[in-house]
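Please read it with the model open.

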Amino acid sequence: MKLSQLSVRTRLTLWYSAVLLAIVVTIGALSYSWLRFGLLQDLDASLLTVAQVVKDVDAPARAGGDHEALLRELLGPELYDKFFQLLDPEGRPRATSPARRPYALPLSPAARARVARGQNTFETVTPADAEPVRILTMPIVREGRVVEIVQVGMLLRRARATLDRYLDTLTVLIPIGVGLAALGGAIIAQVALRPLDRMTRTARRISAEDLSQRVERPRTGDELDRLAETMNDMLARLEQAFSQSRRFAADAAHELRTPLAALRGSIEVALKGARSPEEYRRVLASNLEEVERLIRLSEDLLLLSRSMAGPEPTRATVELEPLLLEVFDLGARLGQPAGVSVRIENAAPASVRGEAAGLRRALVNLVENAIKYTPRGGNVELSLGVGPETAVIEVSDTGIGIGSADAERIFDPFVRLDAARSRDTGGAGLGLAIARSIVVAHGGTLSVESRPGSGSRFTIRLPLAPA
Ligand code: ADP
C-alpha cells in the first residue's frame, strides 16, 4: 500500500514518529560518543597521573623492588586497576608491577618513535586472545636524554561496560519512548480530525434533493471551522442555483403551456364542424401567430440558457460605436410607428472584447423596451461614453418608469410588471434577463435608475479591450 493511500491520521502519526525516531537516535548517537570521549579522557588523565608518579619516584627506590608499595602509598586507589612497566631506552623491560599485569605491555613502533622525540603516546591495543587495553607510553628524560620509558596500562573493561550499559538503556528506552509518542500522536490526530469526520458524514447525507442541510461548524475559528464555513457557503450558493433553475424550468413550462393551450383550443373548435375555407384560413393565420410566439420564446430560452452558461469561448474585439449606430437605426424604424423619437446623444469610440451578436442583442432588447414602455410623443436617447477602463452605454426614455421595489426584479426571467401591458406587446419577460446575462458574461454590469412616470435609464458598463 502506498503512503498516500493511508488515512491522514495514520500518515500524520507515521511522519511524526519517524521524525521523532530520527531525532532521538541522533541524540542517542551523539550522547554515546560524547560519553565515550569523556570516559577515555578521564582514563587517559588517570594514566598520566600514575605515569607521572612512577616517573617521579626515586630511581633507587624503584630499583629496590618495593617501589610498588611506595606507589600504592602515594597513589592510593588510583593504582588499583592499573599496571605499569619500566623499559630501558631500547625497550627492554626493567621493572614491572607483576601483580596485576596480565601480559607484557607491547611497545609499538609509533610509540617508540615518539619516545625518541620525548613525547607521550596514548593508544588502545587489543593483543591476540586478550582484552583491549589502554596504554600510555612516557619517556623519562634526564639531561636531554631518554633514560627510561614508563608504560602504564589499564584494561578497558570498565569503560566498555559503562558504554554497553548506556547502549542497552538507549535500545530499550528509545523504542518505548517513540512507541508512546506515536500512541499519543495518534490520539491527538484522531481528536483533531474528529470534526472532519463529522463534516464528511453530514456532507455525505446532503443530496441534490435536500440542499438546505448545513455542515456542523466547530466554531473554533481554526482551519476546520473555515473549511466548514466555506462548504456551507458553497451549499448555500448551490441551493440558490438549484432552486433558481427549478423555478426557471417551471416558469418556462408555464410560458409554453399557455400558447399551446390556445393552439389546441382553436384547432379543436375548427375541427368541431364543417368550416368554410375562409374560416380555416383565419384559424390557421391565428395559429401561425401563436406558433411564431412559441418559436420566439424557445429561441429566447435557448439564448438565455446559453448566455447564462458563461462567456463564449471565441472572443473578438468589438467596436461599440458602429454597433450603437446600427441599433439606433433599428430603434428609429421601430419608434416611428409608435410615435417615439429615438436619438443618439453622444458616441465615443470604444472597443471591448466579446461577441458582437450577443452585445447587439442586449442593446436591441433595451431599445425595444424603451420604445415599448414610452407613450406616444416621448423620447428615447442612446449614448456611448468612456469611463476609467469601462465603456458606458446608456438607454434612457421618458416612459412610464419602474417603481424602486421592482427595479431589481425586472431582470429575473419571466418577470413582467404589468400583465395586461405585456400581453399586447407579446414579451415573455425574458428580454432583460437575456440582456443582463449577456453583459455579465462579458464581465460587465447592467443596472437601471428609474422613477415611475418620468422615465428610466438603463446603463451597461463593459470593461474596455486592452489597448
Ligand atoms: P418583456 O418581454 O416583458 O419586455 P423584459 O424582461 O424585457 O420583458 O422586461 C421585464 C419588465 O420590465 C417588463 O415587463 C416591464 O414591465 C419592465 N420594463 C422593462 N423595460 C422598461 C422600460 N424601459 N420602462 C419601463 N418598464 C420597463
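The points below take up the basis of the values, then the pocket, the rings and the strand.

1. Basis. This is a predicted model, in which local features need pLDDT of at least 70 and side-chain atom pairs count only at pLDDT 80 or more, while totals for chains, interfaces and linings use all residues. Residues are numbered from 1 along each chain as its sequence is written, and side-chain values use heavy atoms, with hydrogens and water left out.

2. A pocket here is an open set of points on a 1 Å grid over the protein atoms alone where a 1.4 Å probe fits, with protein on both sides within 12 Å along at least five of seven lines; the volume is the space filled by probe spheres set on the points.

3. Pocket lining. There are 18 lining residues (an atom within 4 Å of a point), and Gln244, Met308, Phe411, Asp412 and Pro413 lie nearest the centre of this second largest pocket. By class, the lining has 10 nonpolar, three polar and five charged residues, where Ala, Val, Leu, Ile, Met, Phe, Trp, Tyr, Cys and Pro are nonpolar, Asp, Glu, Lys and Arg charged, and the others, Gly among them, polar. Helices H6 (223-272), H7 (277-308) and H11 (431-441) each give at least two lining residues; H6 has the largest share, with six. Helices (H or I, at least four residues) and strands (E, at least two) are DSSP runs numbered from the N terminus.

4. Aromatic pairs. The structure holds two (ring centres within 6.5 Å; planes under 30 degrees apart are stacked, over 60 edge-to-face, the rest tilted). The Phe248 and Phe414 rings are 5.5 Å apart at their centres with planes at 45 degrees, so this pair is tilted. Phe248 lies in H6 and Phe414 in the loop between strand S10 (390-397) and helix H10 (419-425), so the pair ties together parts 166 residues apart in sequence. Phe411 and Phe458 form an edge-to-face pair, at 6.3 Å and 75 degrees.

5. Phe411. This residue is buried (under 20% relative accessible area), at 4%. The charged end of Arg436 sits over the Phe411 ring, 4.0 Å from its centre (the criterion is NZ of Lys or CZ of Arg within 6 Å of the ring centre and within 35 degrees of the ring normal).

6. Strand S1. Six of the six residues of S1 (82-87) are buried, so the strand is largely enclosed by the rest of the structure. Six bridges join S1 to S5 (145-155), and the two run antiparallel (pairing needs at least two DSSP bridges).

Key: Rings of Phe, Tyr and Trp (its six-membered ring) pair if their centres lie within 6.5 Å; planes under 30 degrees apart count as stacked, over 60 as edge-to-face and the rest as tilted. Buried means under 20% relative accessible area, exposed over 50%, partly exposed in between (1.4 Å probe, protein chains only).
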